[in-house]
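I opened this entry to note what I looked up, one stop at a time.

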Amino acid sequence: MKDRRRFGARRSMQNSRNILIVGVGNTLMDDDGIGAYVASQIDTQQLPGVHVIHVQQMTSDLLDEMLKADQTIIVDAAVGADPVQFYKVDETAPAGASYSHYTSAIQLLKMAELVYEQSLSVYICAVGAWDLTLGSALSQRGKKNADQAVITILGWINGHENQ
């Protein structure tokens with residue numbers, strides 16, 4: 001994980017954004033590593049006010065980092081999905097069942113509201129995955145989709161530059 005001082009520090013007038021990118025996935029399962037790949041590509045840009053982390057799976061531990069951000073983008077592989085789907089998580093959706101090793105974005109929103117009385121702004125970037133077998137390389141189609149996701153997210157970030 002990167003140095004948290006940059007992320008948690010008070011924002012200057014020049015740096016008005018405070019965005020968390022969460023790359024989700026297992027890099028040992030080919031295209032399941034798409035989230036980590038996208039997050040690392042964005043991290044290489046060293047964008048001010050953008051903090052990048054990678055997790056194997058979403059758990060309630062993410063809430064600590066998400067509460068520090070103005071917006072969070074969760075990037076994850078999605079089997080059988082369109083190449084790239086980017087959307088805001090609907091706060092009114094039901095939270096659904098909770099599992100001991102996995103938490104959904106909606107559950108994290110609900111926890112923030114109930115426990116911390118805070119609203120989160122969370123976006124999902126679901127990236128089409130094709131090969132989830134044991135291995136450490138993205139498939140050709142998966143990499144193409146992941147590269148498109150990087151462009152989509154960078155475009156969204158740049159569009160929120162002065163907000």
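**Around Thr 72**

I began with Thr 72, which touches Leu 20, Val 22, Met 66, Ser 121, Val 122 and Tyr 123, leaving out residues up to four places away in sequence. By contact I mean heavy atoms within 4.5 Å. This is a predicted model, where local features need pLDDT of at least 70, side-chain atom pairs count only at pLDDT 80 or more, and totals for chains, interfaces and linings use all residues. Residues are numbered from 1 along each chain as its sequence is written, and side-chain values use heavy atoms, without hydrogens and water.

Thr 72 lies in strand β3. Helices (H or I, at least four residues) and strands (E, at least two) are DSSP runs, numbered from the N terminus. Is Thr 72 buried or exposed? Thr 72 is buried, at a relative accessible area of 1%. Buried means under 20% relative accessible area, exposed over 50%, and partly exposed in between, with a 1.4 Å probe and protein chains only.

**β1 and β2**

I turned to β1 and β2, which run parallel and are joined by 6 bridges. Two strands pair if DSSP finds at least two bridges between them. Ile 19 stands opposite Val 50 in β2. From β1 the chain crosses through α2 to β2, in a right-handed β-α-β crossover. Right-handed means that, with the strands pointing away from the viewer, the path from the first strand over the helix to the second runs clockwise. I also noted that 5 of the 6 residues of β2 are buried.

**The cores**

Next I looked up the largest nonpolar core, which has 24 residues. Such a core is a set of buried Ala, Val, Leu, Ile, Met, Phe, Trp, Tyr and Cys residues joined through side-chain atoms within 4.5 Å. Ile 21, Val 38, Ile 42, Ile 73 and Ile 153 touch the most other members. The largest share of this core, 7 residues, comes from α5. Ile 153 is in contact with Ile 21, Val 38, Ile 42, Ile 73, Val 75, Phe 86 and Cys 125, leaving aside neighbours within four places in sequence. A second, separate core has 23 residues, including Leu 62, Met 66, Ile 74 and Ala 112.

**Helix α4**

Last, I checked α4, residues 105–116. Its 12 residues should span 16 Å at 1.5 Å a residue, and the end C-alpha atoms are 16 Å apart, which agrees. The expected span is 1.5 Å times one less than the number of residues. Ala 105, Gln 107, Leu 108, Leu 109 and Ala 112 are its buried residues. They pack against α3, β3 and β5. Just after α4, Glu 117 takes a positive phi of about 55°.
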